[in-house]
Amino acid sequence: MEVVILENSEECSAYAARIAASWLKKKPNTVLGLPTGRTPLNFYRQLIRMYQEEGLSFKQAVTFNLDEYVGIGKDHPASYANFMQQNLFRFIDANPENIHIPDGLCHDVELECQSYEEMIKSAGGIDLQFLGIGGNGHIAFNEPGSSFASRTRVKTLTEKTIQDNSPEFGGTENVPMHVMTMGIGSIMEAKQIVLLAFGESKAEVIRQMVEGPLTASVPASILQMHPKATIVIDRQAASKLERSDYYQWVFNNRPDWQRL
Ligand code: PGA
């Protein structure tokens with residue numbers, strides 16, 4: 001696990017965008033795993049800027065989003081399909097046929113989850129997976145206690161997540177209780193994982209994820225087992241890490257070929 005501590009969310013987002021760009025330059029049909037939430041907003045702005053100013057192309061890229069609420073469609077303002085359209089896809093040259101997000105209005109959620117897994121497989125698996133982290137340690141909507149071996153499936157949100165996500169729905173009573181989410185096992189098969197987290201409110205869960213024990217109670221702690229996971233965090237989110245000086249030392253002394 002590599003921990004990259006940068007000054008603020010802008011620097012972290014720019015760094016994450018450079019990782020995406022370096023993949024896309026080497027492999028134009030990179031399969032990207034994409035998150036939603038407040039965390040990736042600046043990251044998406046950076047990707048848009050690189051598309052507009054630096055000629056970065058997404059034409060051949062294939063994308064899979066992590067999750068979607070059950071029962072709401074892509075035209076619902078709080079759906080993740082709409083989030084992605086508003087915050088990324090409408091600004092770049094991604095081919096709509098290569099964009100994948102579970103359909104919240106599908107008739108058979110179990111079938112939808114199963115075919116999502118099959119689509120990821122037939123795309124050759126996810127190359128580069130971006131993640132946020134919930135205050136309770138969830139990745140995607142794999143809430144605490146989720147199996148480390150889980151695949152795409154239906155989950156019931158915790159009350160905390162419902163509360164966290166309620167602003168987009170105008171109140172907790174409007175937040176769907178069920179979601180379809182890629183599983184932890186699905187996420188762990190990505191060739192590279194980049195997790196972003198910012199702010200004081202994430203400091204404790206970042207400490208648990210990076211330096212705490214491996215436990216399904218902190219689903220993100222499984223990233224300790226991933227061969228190529230990069231945790232990109234600002235100073236506030238890093239503030240409870242015991243070994244932050246060492247992570248900084250490693251980053252400052254990385255070999256030239258690792259620099260972006
Ligand atoms: P946030 O959510 O980016 O809005 O903090 C992250 C998550 O719940 O995964």
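**Sheet and ring pairs**

I began with strand β2 (residues 31-34) and strand β3 (residues 62-65), which pair in the parallel sense over 4 bridges; strands here are DSSP runs of E of at least two residues, helices are runs of H or I of at least four, both numbered from the N terminus, and two strands pair if DSSP finds at least two bridges between them. Within this pairing, I noted Phe-64 of β3 as the bridge partner of Gly-33. Helix α4 (residues 109-122) packs on the sheet, where it touches β3 and β5 (contact: heavy atoms within 4.5 Å), and its direction makes about 150 degrees with that of β3 (axes are lines fitted to C-alpha atoms, for helices over the stretch in contact, with angles from 0 to 180 degrees between N-to-C directions).

The model is predicted, local features need pLDDT of at least 70, and side-chain atom pairs count only at pLDDT 80 or more, while totals for chains, interfaces and linings use all residues. Residues are numbered from 1 along each chain as its sequence is written, and side-chain values use heavy atoms, with hydrogens and water left out.

I then searched the whole structure for aromatic pairs and found 9 (rings of Phe, Tyr and Trp, the last by its six-membered ring, with centres within 6.5 Å; planes under 30 degrees apart are stacked, over 60 edge-to-face, the rest tilted). The rings of Phe-43 and Phe-130 have centres 4.4 Å apart and planes at 40 degrees, so this pair is tilted. Phe-43 lies in helix α2 (residues 41-54) and Phe-130 in strand β6 (residues 128-131), so the pair ties together parts 87 residues apart in sequence.
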